[in-house]
Amino acid sequence: MEQLFSEGVLKSLGVREALLKVPREEFVWPNTKRESYADSPLPLGDTGQTISAPHMVAIMLEELELNRGQVVLEIGAGSGYNAALMAEMVGRLPGGRKPIITIERSEKLADFAKANLERTGYSDRIDVITGDGTLGYPEKSQQPLYDRITVTAAAPYVPRYLRLQLKPEGILLIPVGDLWMQTLVKAKKLPDGTLKSRDVCGCMFVPLVGENGH
Ligand code: SAH
């Protein structure tokens, strides 16, 4: 944590507090518990997927500019760790509506994420959905539903439904590139519905597969 601060990756108090509060060891695969706080991605069992390295998680949380009261869609629930961090940052919505929706295509990982979030007390704020996140949620809806959309897998391009489901002024964060190397792209939705994009940094994620994926 201190290293992330001194490297300048961690900038805001909100992200720091969330990282301190959510127990990462409860989200890693049981056989990697001892490495929970190493700054590297860790394999999620034999699924071929990984929980992202803490520095990448921190970079993405900083760039998302999360605030209280926002509604967020995540594609790639994996372990549920990033979803829990985002839940800490946006707080609760009136009426008990869940502010975080996270989609996972692997049923095994969706179950893993659900169990982790249940055990750590986040299931009242996060909905884990099994499905193809490249189509958004609800699938193929063209309504602007989300203040923030974050994709934690490597996309070949920005999926159309994710652009449509982002609210005006909303922020979409997505690694775009080939299977081996990507650029983390931060896009803001302009009032005319187009996206204004900026490259944040190079990155390496597992592939986003599905109808609008690899
Ligand atoms: N955010 C996660 C790490 C995600 S790893 C965490 O905090 O642990 C990327 C995940 O994206 C993998 O679990 C993979 O199964 C999932 N994925 C890939 N393509 C997807 C798609 N089209 N829809 C939903 N999930 C997808």
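1. Pro-138 is located in the loop that runs between strand E5 (126-130) and strand E6 (146-151), where helices (H or I, at least four residues) and strands (E, at least two) are DSSP runs numbered from the N terminus. The peptide bond leading from Tyr-137 into Pro-138 is cis, with omega near -10°.

2. This is a predicted model, in which local features need pLDDT of at least 70 and side-chain atom pairs count only at pLDDT 80 or more, whereas totals for chains, interfaces and linings use all residues. Residues are numbered from 1 along each chain as its sequence is written, and side-chain values use heavy atoms, with hydrogens and water left out.

3. A further backbone point concerns Glu-65, which has a positive phi of about 50° although it is not a glycine. Glu-65 is placed in the loop between H3 and E3.

4. Around the ligand there are 25 residues, of which Ser-79, Glu-104, Asp-132, Gly-133 and Val-209 come nearest; a residue counts as near if one of its heavy atoms lies within 4 Å of the molecule. At least two residues of this shell come from each of strand E2 (50-51), strand E3 (72-75), helix H4 (81-90) and strand E4 (100-104). The shell comprises eleven nonpolar, ten polar and four charged residues, with Ala, Val, Leu, Ile, Met, Phe, Trp, Tyr, Cys and Pro counted as nonpolar, Asp, Glu, Lys and Arg as charged, and the others, Gly among them, as polar.

5. As for atom pairs, a polar side-chain atom of Glu-104 lies 2.6 Å from an oxygen atom of the ligand. A backbone N or O atom of Gly-133 lies 2.8 Å from a nitrogen atom of the ligand, and a backbone N or O atom of Gly-76 lies 3.0 Å from a ligand nitrogen atom. Of the 590 Å² of accessible area that the ligand has on its own, the protein covers 99% (Shrake-Rupley method, 1.4 Å probe).

6. The ligand takes up the space of the largest pocket, a pocket being, on a 1 Å grid over the protein atoms alone, an open set of points where a 1.4 Å probe fits, with protein on both sides within 12 Å along at least five of seven lines, and lining residues having an atom within 4 Å of a point. A molecule sits in a pocket if more than half of its atoms lie within 2 Å of its grid points.

7. About 640 Å³ of space lies in the largest pocket, and among its 39 lining residues Thr-50, Thr-152, Ala-153, Phe-205 and Val-206 are the closest to its centre. H3 gives the most to this lining, with four residues. The lining divides into 20 nonpolar, 15 polar and four charged residues.

Terms used. A polar contact is a pair of N or O atoms within 3.5 Å; within protein, one must be able to donate a hydrogen and the other to accept it, and residues adjacent in sequence count only if both atoms are side-chain atoms. Grid points are joined across faces, edges and corners, and a volume is the space filled by probe spheres set on the points.
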